[in-house]
Amino acid sequence: MTYKASKDELKVLDLLSYSKHDARTTKYLTSVTGFSERRVRKIMGRLIILCGVPINGVRTGPREQRGYYIVTDEDERAEAVRPLKNEIKELTRRKNSIEGAEIRTDWYKHLKGGKDDGRA
């Protein structure tokens, strides 16, 4: 069964551009829809994951190039996926580090060069 987009999802989708040169910022989307930033981001997630809409969310670079737009070619798709792959790598490194870290109660002193062994 295909996911049927909600009225709110369709409202946000209708505001998105098919051009990265006319990307819509979260601020713009919240001002037009009256939704909170959190709600707009959740709606973006549902449009991407449940509806399969290839939306790129540009978070870095010049302010005028930030925002959401609908991907229209393979170059834009690669541009959308690249930062996600990098984020996954970084999150994996963090997860692995936490899983392998010592459990201590004196991290500040330990990293400052103290002598106490505060291992739990």
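## The largest pocket

Which helices and strands each supply at least two residues of the lining of the largest pocket? In this predicted model, the list runs α2 (26-33), α3 (37-49), β1 (55-58), β2 (67-70) and α4 (74-100). The top contributor is α4, which puts seven residues into the lining.

As for volume, you're looking at about 1,000 Å³ of space in this pocket. Its lining takes in 34 residues, and those nearest the centre are Asn56, Gly57, Val58, Arg59 and Gly67. Sorted by class, the lining has 13 nonpolar, 10 polar and 11 charged residues.

Now for the nonpolar side chains. In soluble globular proteins, these tend to be buried together. Here, the largest nonpolar core holds 13 residues, and the members that touch the most others are Val12, Leu16, Leu29, Met44, Leu47, Ile55 and Tyr68. Two or more residues of this core come from each of α1 (7-15), α3 and β2, and α3 gives the most, with four.

Leaving out residues up to four places away in sequence, Val12 touches Thr33, Phe35, Ile43, Met44 and Leu47. There's also a second, separate core made of five residues, among them Ala23, Val58, Tyr69 and Val71. Val58 turns up in the pocket story too, as one of the lining residues nearest the centre of the largest pocket.

Which residues of α2 are buried? They are Thr26, Leu29, Thr30 and Thr33.

What do the buried residues of α2 pack against? Their partners are α1, α3 and β2. One of those buried residues, Leu29, is also among the members of the largest core that touch the most others, while Thr33 is one of the residues Val12 touches. Just after the helix comes Gly34, with a positive phi of about 80 degrees.

## Thr72 in its loop

Last stop: the loop between β2 and α4, where Thr72 is found. Is Thr72 buried, partly exposed or exposed? Its relative accessibility is 46%, so Thr72 counts as partly exposed; the exposed class takes over 50%.

Thr72 and Gly57 are 15 residues apart along the chain, and 14 Å separates their C-alpha atoms. Gly57 itself is one of the lining residues nearest the centre of the largest pocket.

Notes:
Residues are numbered from 1 along each chain as its sequence is written. This is a predicted model: local features need pLDDT of at least 70, side-chain atom pairs count only at pLDDT 80 or more; totals for chains, interfaces and linings use all residues. Side-chain values use heavy atoms; hydrogens and water are left out. On a 1 Å grid over the protein atoms alone, a cavity is a set of points where a 1.4 Å probe fits but cannot get out, and a pocket is an open set with protein on both sides within 12 Å along at least five of seven lines; lining residues have an atom within 4 Å of a point. Grid points are joined across faces, edges and corners, and a volume is the space filled by probe spheres set on the points. Ala, Val, Leu, Ile, Met, Phe, Trp, Tyr, Cys and Pro count as nonpolar, Asp, Glu, Lys and Arg as charged, and the others, Gly among them, as polar. A nonpolar core is a set of buried Ala, Val, Leu, Ile, Met, Phe, Trp, Tyr and Cys residues joined through side-chain atoms within 4.5 Å. Buried means under 20% relative accessible area, exposed over 50%, partly exposed in between (1.4 Å probe, protein chains only). Contact means heavy atoms within 4.5 Å.
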